[in-house]
Amino acid sequence: MSTLANYFSQYMTDLKPLNLKLTDFVEVLILAFLIYEILVWIKNTRAWILLKGFILLMLFILMALIFRMDTILFIVGKSVNAGIIALVVIFQPELRKALEQLGQKNVIANIVSFDSNKEPSERFSDRTINEVVKACFEMGKVKTGALIVIAMDIPLTEYERTGIVVDSAISSQLILNIFEHNTPLHDGAVIMCGDRITAATCYLPLSDNMELSKELGTRHRAAIGISEVTDSFTIVVSEETGAVSIAQGGRLWRNVDQDVLKKRLVEIQGKEAEARRFRLWKGRHRDERKAGQ
């Protein structure tokens, strides 16, 4: 105990008068943001359970330090390097997911636009929206299970490889035939990219979120799982109830109606942003013409 007291007294005497600069405040903000993100990541993964055990272990080591248990401290000192490697191995899936989510936030891209000259275009047509909505609720009426993944900015190539290539134009009849019971393509997920169905019977990662309802089956967990590792938009039709649900960004909205589904599809379509930009250009062109007159 006296050792700790001497250490802190020496530390306090060595402190120089504070000379704060602007960079110090920036560093504090950056560190606060990083610590907050790490704590949120720990809370939302199984790392929260392991963190409790790690805290107990650190308390045990602190007690060994206070009472000078040299043998325990020697073992701890020799195990630090192996422990760091073990943590990386244990948390490999969570670390990968965290880095993927960081990449999806596009922090740098929001600050500096590398493709500012690229014209925005809609992801898929209005006809595709109508065909998908029609197929989902027709399957819901007869309780035909379905799982449809719509690709956004992140390519889903690695998941398409797990299924069978279709590469066909989207129609409600095709979607109904794919998910019809006892057909070769009904099991697994359908992946859409633009106005085409690229693959069927695809395997998706299941979510390991422990807070999900126990009522959710494999389809719903797969829908949440793919939305956790990509920016995709997923539609689920329950085989038990016929209810239609949607998943995006690790969240699930259950029992949506046709209007809600169509509205969400229009939002991710990107057409509204393009139309808004066109209206702004049209208004600016009209003002310039008036000024010229």
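Me: In what sense do strand E5 and E6 pair, and over how many bridges?
Reply: This is a predicted model, and in it strand E5 (residues 233-237) pairs with E6 in the antiparallel sense over four bridges.

Me: Which residue in E6 is the bridge partner of Thr 234?
Reply: That's Ala 247.

Me: And what sits between E5 and E6?
Reply: The two strands form a hairpin with six residues between them. In the turn, Gly 242 has a positive phi of about 80°.

Me: OK, now the other neighbour. How many bridges join E6 to strand E7?
Reply: Three bridges, and E6 and E7 (residues 251-253) run antiparallel. Gln 248 stands opposite Arg 251 in E7. This hairpin has two residues between the strands, and Gly 249 takes a positive phi near 60° there.

Me: Why is E6 largely enclosed?
Reply: Strand E6 covers residues 244-248, and four of its five residues are buried, so the rest of the structure largely encloses it. Buried here means under 20% relative accessible area.

Me: Zooming out, what is the strand order in the sheet?
Reply: Seven strands make an open sheet in the order E2-E4-E3-E1-E5-E6-E7, with mixed pairing. Strand E2 (164-169) and E7 stand at the edges with a single partner strand each, so one side of each has no neighbour in the sheet. From one strand to the next, the twist averages 20°.

Me: What about E3 and E4, parallel or antiparallel?
Reply: Antiparallel: strand E3 (residues 189-193) and strand E4 (residues 196-202) pair over four bridges. Cys 193 stands opposite Arg 196 in E4.

Me: Switching to helices, which strands does helix H7 lie across?
Reply: Helix H7 (residues 126-141) lies across strand E1 (146-150), E3, E5 and E6, and runs at about 30° to E5.

Me: And which strands does helix H11 touch?
Reply: Helix H11 (residues 258-269) packs on the sheet and touches E1, E5, E6 and E7. Its direction makes about 160° with that of E5.

Me: Last topic, the surface. Which residues make the nonpolar patch?
Reply: Leu 22, Val 26, Ile 30, Leu 31, Phe 33, Leu 34, Ile 35, Ile 38 and Leu 39 make a nonpolar surface patch of about 890 Å².

Me: Where is Leu 39 placed, and what is its relative accessible area?
Reply: Leu 39 is in helix H2 (residues 22-43). Its relative accessible area is 49%, so it counts as partly exposed.

Note on methods. Residues are numbered from 1 along each chain as its sequence is written. This is a predicted model: local features need pLDDT of at least 70, side-chain atom pairs count only at pLDDT 80 or more; totals for chains, interfaces and linings use all residues. Side-chain values use heavy atoms; hydrogens and water are left out. Buried means under 20% relative accessible area, exposed over 50%, partly exposed in between (1.4 Å probe, protein chains only). Two strands pair if DSSP finds at least two bridges between them. Axes are lines fitted to C-alpha atoms, for helices over the stretch in contact, and angles run from 0 to 180 degrees between N-to-C directions. Contact means heavy atoms within 4.5 Å. Patches are made of residues with over 30% relative accessible area and no salt bridge: like charges are joined within 9 Å, nonpolar side chains (Val, Leu, Ile, Met, Phe, Trp, Tyr) within 5 Å. Accessible areas come from the Shrake-Rupley method with a 1.4 Å probe; for residues, only the protein chains shown count as cover. A salt bridge is a side-chain nitrogen of Lys or Arg within 4 Å of a carboxyl oxygen of Asp or Glu.
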